[in-house]
Amino acid sequence: MYQFSYADVQSTSVSDAKDRERELLTRSIDMLAAAAVAGQASMEAVEALHFTNRVWTTFVEDLGSSDNALPKELRANLISIGLWLLREAEDIRQGRTNNFEGLIEVSQIIRDGIQ
């Protein structure tokens, strides 16, 4: 009845995780795009920045884990990008910049690179 190999289950799990990561980034991108239109002081901006912060905080924590299977150099690069995104989101929240496009572009690049 249950004739799945561990490799099949593991490969499906990795594929599902990558799909979820892409979905989270797409949602973040969509929210940031709506926030850019609505304006920096809008509720859309507050919600988009909060969501983006949660997503990237989780990604950075996972990338910093010794259990993460990605190559060390790639993890370090992604952590660096994630920290930039978090700082940029905070700068937008604090009114120091209005760089929604930067957050969107970088997030799109990362999302599109998840294979």
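How many helices and strands are there in the chain? There are four helices and zero strands, where helices (H or I, at least four residues) and strands (E, at least two) are DSSP runs numbered from the N terminus, and along the sequence the pattern reads α-α-α-α. This is a predicted model, in which local features need pLDDT of at least 70 and side-chain atom pairs count only at pLDDT 80 or more, while totals for chains, interfaces and linings use all residues. Residues are numbered from 1 along each chain as its sequence is written, and side-chain values use heavy atoms, with hydrogens and water left out.

Of the 115 residues in the chain, 30% are buried, a class defined as under 20% relative accessible area, with exposed meaning over 50% and partly exposed in between (1.4 Å probe, protein chains only). Among contacts (heavy atoms within 4.5 Å) between residues at least 6 apart in sequence, 53% join residues at least 24 apart.

Four salt bridges are found in the whole structure, each being a side-chain nitrogen of Lys or Arg within 4 Å of a carboxyl oxygen of Asp or Glu. In one of them, R22 and D19 meet at 2.3 Å, N to O; both residues lie in helix α1 (residues 6–38), three residues apart, about one turn of the helix. R22 is partly exposed at 24% relative accessibility, and D19 is partly exposed at 31%.

Another salt bridge joins D91 and R96 at 2.8 Å, N to O, with D91 partly exposed at 23% and R96 exposed at 56%. R111 also forms a salt bridge, with D112, the closest N and O atoms being 3.0 Å apart; here R111 is buried at 19%, whereas D112 is exposed at 55%.
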